[in-house]
Amino acid sequence: MTFGEQPAYLRVASDLREKIVNGSLPPHTRLPSQARIREEYGVSDTVALEARKVLMAEGLVEGRSGSGTYVRERPVPRPVSRSGYRPPSGANPFRQEQAEEGARGTWESSSEQERASAEIAARLDIQLGDRVMRTRYVFRDAGEAMMLSTSWEPLEVTGRTPVMLPEEGPLGGCGVVERMAAIDIVVDNVAEEVGARPGLAEELLALGGVPGHVVMVVERTYYASGRAVETADVVVPADRYRIAYHLPVK
């Protein structure tokens with residue numbers, strides 16, 4: 001088999017990837033063994049092993065203990081819709097994280113006070129080590145974990161108020177805009193930046209991913225007259241979802 005000038009393991013991985021994409025190696029099919037790859041492509045055991053590692057890192061195949069390496073089923077990505085519009089008053093946390101009307105799902109949350117790291121202090125424009133309320137969420141759709149979120153609010157804003165705990169009290173779960181309005185803070189702007197990175201081990205465990213899987217991260221910050229009152233990271237598995245924005249035209 002003639003290849004270009006790529007390293008041998010990437011050339012082998014590329015050919016196997018093409019077979020997976022075009023259906024020659026359909027989902028749940030056992031990947032050719034290391035010996036078969038060595039023989040078919042005329043490469044060493046090391047090259048065959050590295051090629052399989054590439055496909056595993058890309059999430060195209062998975063190892064099964066004592067059985068071999070198999071092609072993973074490739075899910076059809078579903079949209080996670082986001083919008084510049086504010087959700088309706090009293091919207092539940094799942095609805096707040098998706099712009100689509102009728103978004104339904106379940107969620108779990110836990111809140112804990114901590115001291116702001118350098119990154120969070122910069123995002124909230126507070127001092128390193130200032131107290132913040134951190135709240136972690138797991139959002140589920142039909143029982144499947146589909147989104148994680150971690151938010152931070154400066155306690156110099158919400159401390160000793162009825163909205164100090166985002167998911168408890170009279171306005172628990174009502175969202176940042178409505179909760180801040182209850183303590184006379186008017187949220188008038190929200191900024192979101194979207195990026196991608198390999199998922200952290202604990203994120204992939206919660207989302208049902210495998211090591212090497214990529215996640216999309218929405219870094220969101222709410223502002224009131226230029227002052228950051230909440231910042232959050234929303235984490236979505238990139239192989240199962242796409243982030244779709246629906247923004248008003250001014």
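I'll start with Thr221, which lies in strand β8, residues 214–224; strands (E, at least two residues) and helices (H or I, at least four) are DSSP runs numbered from the N terminus. This is a predicted model, where local features need pLDDT of at least 70, side-chain atom pairs count only at pLDDT 80 or more, and totals for chains, interfaces and linings use all residues. Residues are numbered from 1 along each chain as its sequence is written, and side-chain values use heavy atoms, with hydrogens and water left out.

Is Thr221 buried or exposed? Thr221 has a relative accessible area of 5%, so it counts as buried (under 20%; exposed is over 50%, partly exposed in between, with a 1.4 Å probe and protein chains only). Beyond neighbours within four places in sequence, its contacts (heavy atoms within 4.5 Å) include Arg123, Asn189, Ala228 and Thr231.

Next, helix α1, residues 8–21. Its 14 residues should span 20 Å at 1.5 Å a residue, and the end C-alpha atoms are 20 Å apart, so the two agree; the expected span is 1.5 Å times one less than the number of residues. Which residues of α1 are buried? They are Arg11, Val12, Ala13, Leu16 and Ile20. These buried residues pack against α2 (34–41), α3 (45–57), β1 (61–64) and β2 (68–71). Just after α1, Gly23 has a positive phi of about 90°.

Last, Leu247, in the segment after β10 (241–246). Leu247 counts as exposed because its relative accessibility is 54%.
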